[in-house]
Amino acid sequence: HAGNQKADGLHGVLIVREPIEDNKIASFYDFDLPQHLILATDWMHEFSDNYLPGIAKRSALTEAMLINGRGRFMNENLEYSNTPIPVFYVQSGKKFRFRLINSATNVCPYQFQIESHNFTVIATELSYVEPFVANTLNYLSGERYDIVIDAILPIRDYWIRIRETYPCWKKIEVFAILRYQEDSVKKYQPNIEFTNQTVPKWEEEYAKGIVRFFLKYLFLT
């Protein structure tokens with residue numbers, strides 16, 4: 001992308017997979033599926049050229065967040081618009097590799113969590129790391145993480161939640177659904193779905209734990 005094109009939605013994802021014989025952590029998961037990609041972005045209600053380049057204005061901050069191009073806008077009454085929510089399918093009893101990408105245009109870290117779930121971090125950027133378990137991941141714009149989700153909980157829907165954190169001051173977050181099913185998902189083709197589930201309120205937080213990387217060293221606080 002060039003200039004402010006990313007801020008206006010012109011961006012995408014290219015995944016390059018190594019040969020299976022070179023994958024040192026293939027034993028950590030059962031499936032690595034194209035549809036298990038979570039691209040998180042911010043969204044303004046005006047074109048970025050109205051604000052950038054130039055002096056940052058409060059009105060230019062994020063109005064909503066998107067996962068894979070879809071999300072819900074929360075108005076001043078804390079009511080969400082009724083738009084499709086992304087659904088990620090997993091087979092009960094299997095382990096799945098998910099790829100997380102922060103494609104935000106602002107400086108606010110994103111906080112990633114899955115309702116009632118821990119996950120195993122296996123890679124960041126272009127490098128594998130010593131796998132470790134976490135329940136929260138904070139990541140900045142441009143950062144990429146690979147995680148493994150072990151579908152061992154009861155079969156139902158679970159909320160995937162990404163929210164902006166400090167220094168951003170608005171209460172903005174976006175949701176997707178992690179949907180368990182009994183049969184194989186190898187041939188599953190994702191589609192757009194609505195849900196009548198009520199998303200958690202902002203104050204209904206999940207368990208927190210902050211994950212940070214610095215060079216080759218891991219700090220967990």
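**Reading the strands, cores and rings of a predicted model**

Author: Pro 167 has its place in the loop between strand S10 (157-164) and S11. The structure under discussion is a predicted model.

Reader: What kind of peptide bond joins Tyr 166 and Pro 167?

Author: The bond between Tyr 166 and Pro 167 is cis, with an omega of about 15°. Most peptide bonds are trans.

Reader: How many helices and strands does the protein have?

Author: The protein has 13 strands and zero helices. Read from the N terminus on, its elements are therefore given as β-β-β-β-β-β-β-β-β-β-β-β-β.

Reader: What is the order of the six strands in the open sheet?

Author: The order is S2-S1-S4-S9-S6-S7, and the pairing is mixed. Strand S2 (64-67) and strand S7 (127-134) are at the edges; each has a single partner strand, so one side of each is left without a neighbour in the sheet. On average, neighbouring strands of this sheet are turned by 25° against each other, direction ignored.

Reader: How do you know that S4 and S9 pair?

Author: Two strands pair if at least two bridges are found between them. Strand S4 (residues 95-102) and S9 have seven bridges and run in the antiparallel sense. One example is Ile 101, whose bridge partner in S9 is Arg 144.

Reader: Which strands does S6 join by bridges?

Author: Five bridges connect strand S6 (residues 119-124) with S7, and these two strands are antiparallel. Phe 119 has Ala 134 in S7 as its bridge partner. S6 is also joined to S9, by four bridges and again antiparallel. There, Thr 124 stands opposite Tyr 145 in S9.

Reader: What makes strand S9 largely enclosed by the rest of the structure?

Author: Strand S9 (residues 144-150) has seven residues, and five of them are buried, so the strand is largely enclosed. In the protein as a whole, buried residues make up 46% of the 221 residues.

Reader: Which residues have the most contacts inside the largest nonpolar core?

Author: They are Ile 38, Phe 98, Phe 112, Phe 119, Tyr 139, Ile 162 and Leu 178, in a core of 34 residues. Strand S11 (residues 173-181) supplies the largest share of this core, four residues. Apart from this core lies another, of eight residues, which includes Val 87, Tyr 89, Ile 177 and Val 199. As for Phe 112, its contacts beyond four places in sequence include Ile 38, Leu 100, Phe 119, Tyr 139 and Ile 162.

Reader: Why is the pair of Phe 31 and Phe 96 called stacked?

Author: Rings pair if their centres lie within 6.5 Å, and planes under 30 degrees apart count as stacked. For Phe 31 and Phe 96 the centres are 5.2 Å apart and the planes are at 20°, so the pair is stacked. Phe 31 lies in the segment before strand S1 (37-43) and Phe 96 in strand S4, 65 residues apart. Both residues are below the 20% limit for burial: Phe 31 has a relative accessibility of 10%, and Phe 96 has 0%.

Reader: Why is the pair of Trp 159 and Phe 175 called edge-to-face?

Author: Here the centres are 5.4 Å apart and the planes stand at 70°, so the pair is edge-to-face, the cut-off being over 60 degrees. Trp 159 belongs to strand S10 and Phe 175 to strand S11, so the pair ties together parts that are 16 residues apart in sequence. Trp 159 is buried at 6% relative accessible area, and Phe 175 is buried at 5%.

Reader: Which residues form one aromatic cluster?

Author: Tyr 110, Tyr 139 and Tyr 145 form it.

Reader: How do you know whether Ser 116 is buried or exposed?

Author: Exposed means over 50% relative accessible area. Ser 116 has 52%, so it is exposed. Ser 116 is in the loop between strand S5 (110-114) and S6, and its phi is positive, about 65°, although it is not a glycine. Most residues other than glycine have a negative phi.

Reader: What makes Glu 125 partly exposed?

Author: The class covers values between 20% and 50%; Glu 125, at 33%, therefore belongs to it. Glu 125 is in the loop between S6 and S7, with a positive phi near 55°.

Methods: Residues numbered from 1 in each chain as written. Predicted model: local features only at pLDDT ≥ 70, side-chain atom pairs only at ≥ 80, totals over all residues. Heavy atoms only, no water. Axes fitted to C-alpha atoms, helices over the stretch in contact; angles between N-to-C directions. Core = buried A, V, L, I, M, F, W, Y, C linked by side-chain atoms within 4.5 Å. Buried < 20%, exposed > 50% of the residue type's maximum accessible area, 1.4 Å probe, protein only. Contact = heavy atoms within 4.5 Å. Phe/Tyr/Trp six-rings, centres within 6.5 Å; stacked < 30°, edge-to-face > 60°.
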